[in-house]
Amino acid sequence: MTKELAGRVALVAGATRGAGRAMAVELGRAGALVYVTGRTTRERVSEVLCFDLTKNAPHRIAFGLAAELREHGGTAVSLTPGFLRSEEMLDHFGVTEETWRDAVAKEPHFAIAESPALIARGVRALAADPDKERWSGRSLSSGQLAKEYGFTDTDGSRPDCFGYFDEVVFGGRDATAADYR
């Protein structure tokens, strides 16, 4: 892998587990100096604030920050993963990253799940993009970035969680999760 982010500094909040930790690792692999924050420790998992608020507030923050940063050449985006195979989800289903497909028997839609590495690779690709300001103020998904930048998940697939749920689960299309990987 190249060190396309050498000399750059990144701050990753919530980097003690899940997608935040994967983002910090991926940015470090790309050569960035990474500072991390988080509330989970080996002894205690952080509590959950209101789920809806924690998922929607970043979209509004990115929108507002984009306007403030524009005159300084800064870019602000909000990124969201698809059906994330975080440590919490793996624990919930009693599987590991290596055996995650075993959970599909219990929850068929878990077949579209993506590893934290997918969104982390999206962050890396976005950070290295010299034309990233075109995304400023927008909310982006890991699947959208994977298509745009051509990267894949750890298993070589390119999961499109939102397409799968929109077209198959809610839209009634006759397809499987495999058709969206």
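R124 is buried, with a relative accessible area of 6%; buried means under 20%, exposed over 50%, and partly exposed in between (1.4 Å probe, protein chains only). This is a predicted model, in which local features need pLDDT of at least 70, side-chain atom pairs count only at pLDDT 80 or more, and totals for chains, interfaces and linings use all residues. Residues are numbered from 1 along each chain as its sequence is written, and side-chain values use heavy atoms, with hydrogens and water left out.

**Two arginines**
- R124 is found in helix α4; helices (H or I, at least four residues) are DSSP runs, numbered from the N terminus.
- The R124 side chain makes a polar contact of 3.0 Å with the side chain of E26. A polar contact pairs N or O atoms within 3.5 Å; within protein, one must be able to donate a hydrogen and the other to accept it, and sequence-adjacent residues count only if both atoms are side-chain atoms.
- R101 lies in the loop between α3 (87-93) and α4 (116-128).
- R101 is partly exposed, at 49% relative accessibility.
- The side chains of R101 and D155 form a polar contact (3.0 Å).

**Nonpolar cores**
- The largest nonpolar core has 17 residues, of which F83, F110, I112 and Y164 touch the most other members. Such a core is a set of buried Ala, Val, Leu, Ile, Met, Phe, Trp, Tyr and Cys residues joined through side-chain atoms within 4.5 Å.
- Two or more residues of this core come from each of α3 and α6 (161-169), and α6 gives the most, with 4 residues.
- A second, separate core of 16 residues includes L5, A10, L84 and A127.
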